[in-house]
Every structure is written in structure tokens, then in C-alpha cells.
Amino acid sequence: QNFPGIALGAIVNLRLGEHFDLRLIPTLALSERAVKFRFSDRPNVEKNIESVFIEAPLTFKFKSVRHDNTRFYVIGGGKISYDMSSKANTEQNPFDPFLAVKPRSFYYEFGFGFDFYFPYFKFSPELKISRGLTDVLSEDRFVFSESFSSLRSNVIFLSLHFE
């Protein structure tokens, strides 16, 4: 089950040419995920995974030619993420086990957006897909983690950049 999250970051931009930028956007992101387990011999269970991520996406931005005060762009790159609220190394309570995820993960990202230029700032709405490369499942002997062979994060971002 998906939940909306929120992220706040700062843009570090290196202009490589008229149409290319290299961007680093260190970010603090808050998110929640819910996994529903259906059992045939006992009641269904829902386990929530709350996360506080520190993320460092590094992307290339290819910009079109500027038309009046608008410009289209596409982005692509990678990201490393660290979940500060990971319970991967926490001891499980056998009477109330939880689904734990590993703290570190890697992603590739791609997306597109528009730059709108105003007299004192630039506004850039952006749609980005982030797909997990690494398995974040923290394996233990409980049924919640043994139900999966692997667990990867896939995230869709709608970002609003103000520069």
C-alpha cells in the first residue's frame, strides 16, 4: 500500500554547457509503507514501515532551448539513500515481530520537468521515477521477512523546485 511522503532538499548545480547540468540534491525525506499479509490459518496482519531518509541523488540534466520564459528538460542518474529509522539491527520481539529494512540502498532515476523563469526566481515542476537496485529486506526467522525473496523500493516523485 502506498502513502504520500514529503522531502526537503537543497540544489547544488554545476553547469557543464549550454544544455547540460550536473546536479546534487541532498535531501531529507519522510515516508511510510504498509505491507498487508493474508494468512489462511489466522487473521490478516498489516505491518507499517516508517522511514526517515537522507538521500544524495546525482543526476544529469539535459535542457532544451529556452522559448520565451519556458524550458523543457530530462534528467537521469543515480542516488544513494540511508534510512535513519531502519530497524535492521534491532532485536525482534517474538510476540510482535516487525518487517525490517536495511538502512542503505541504491537507485537509478529518470524523469522530466519544465523550467519557468520569473523576474526573481525559477520554478521547476518535475516528475521523476526512482527504482531500487539493491535488496533492502532484512532477513530474520520470522514469517514477515520470510514471505519475500527480495524487497526493492520504487518511488514516483512530483518535485517542485524553486531556484
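**Exercise A: the lining of the largest pocket**

Task. Determine which strand supplies the largest share of the lining of the largest pocket, and how many residues that share holds.

Solution. The model is predicted, so local features need a pLDDT of at least 70 and side-chain atom pairs count only at pLDDT 80 or more, whereas totals for chains, interfaces and linings use all residues. Residues are numbered from 1 along each chain as its sequence is written, and side-chain values use heavy atoms, with hydrogens and water left out.

Begin with the terms. On a 1 Å grid over the protein atoms alone, a pocket is an open set of points where a 1.4 Å probe fits, with protein on both sides within 12 Å along at least five of seven lines; a lining residue has an atom within 4 Å of a point. Strands (E, at least two residues) and helices (H or I, at least four) are DSSP runs numbered from the N terminus.

Next, identify the contributors: strand S1 (6-9), strand S4 (27-37), S5, S7 and S9 each supply at least two residues of this lining. Of these, S9 gives the largest share, with nine residues.

Then consider the whole lining, which has 41 residues; Gly5, Ala29, Val155, Ile156 and Phe157 lie nearest the centre of the pocket. By class, 24 are nonpolar, 10 polar and seven charged. Here Ala, Val, Leu, Ile, Met, Phe, Trp, Tyr, Cys and Pro count as nonpolar, Asp, Glu, Lys and Arg as charged, and the others, Gly among them, as polar.

Finally, the volume of this pocket is about 1200 Å³. A volume is the space filled by probe spheres set on the grid points, which are joined across faces, edges and corners.

**Exercise B: the second largest pocket**

Task. State the volume of the second largest pocket and the classes of the residues that line it.

Solution. The volume of the second largest pocket is about 160 Å³. It is lined by 11 residues, and those closest to its centre are Asn48, Ile49, Glu50, Lys87 and Leu99. Strand S5 gives the largest share of this lining, namely three residues. Sorted by class, the lining has five nonpolar, three polar and three charged residues.

Solution. Side chains of opposite charge can pair when their charged atoms come close. A salt bridge is counted when a side-chain nitrogen of Lys or Arg is within 4 Å of a carboxyl oxygen of Asp or Glu; by this rule there are eight.

Take Glu163 and Arg23, whose side chains meet at 2.7 Å, N to O.

Now examine exposure: buried means under 20% relative accessible area, exposed over 50%, and partly exposed in between (1.4 Å probe, protein chains only). Arg23 is buried because its relative accessible area is 2%, whereas Glu163, at 36%, is partly exposed.

Continue with Lys61 and Asp115, which form a salt bridge of 3.2 Å, N to O. Lys61 belongs to strand S5 and Asp115 to strand S7 (residues 104-117), 54 residues apart. Both Lys61 and Asp115 are buried.

**Exercise D: His161 and its surroundings**

Task. Decide whether His161 is buried or exposed, and name the side chain with which it makes a polar contact.

Solution. First locate the residue: His161 lies in strand S9 (residues 154-162). Its relative accessible area is 10%, so His161 is buried.

Next, the side chain of His161 makes a polar contact of 3.5 Å with that of Glu126. A polar contact is a pair of N or O atoms within 3.5 Å; within protein, one must be able to donate a hydrogen and the other to accept it, and residues adjacent in sequence count only if both atoms are side-chain atoms.

Lastly, consider contacts, meaning heavy atoms within 4.5 Å. Apart from neighbours within four places in sequence, His161 is in contact with residues including Ile11, Ile25, Tyr73 and Lys122. Lys122 itself lies in strand S8 (residues 122-132) and is buried, with a relative accessible area of 14%.
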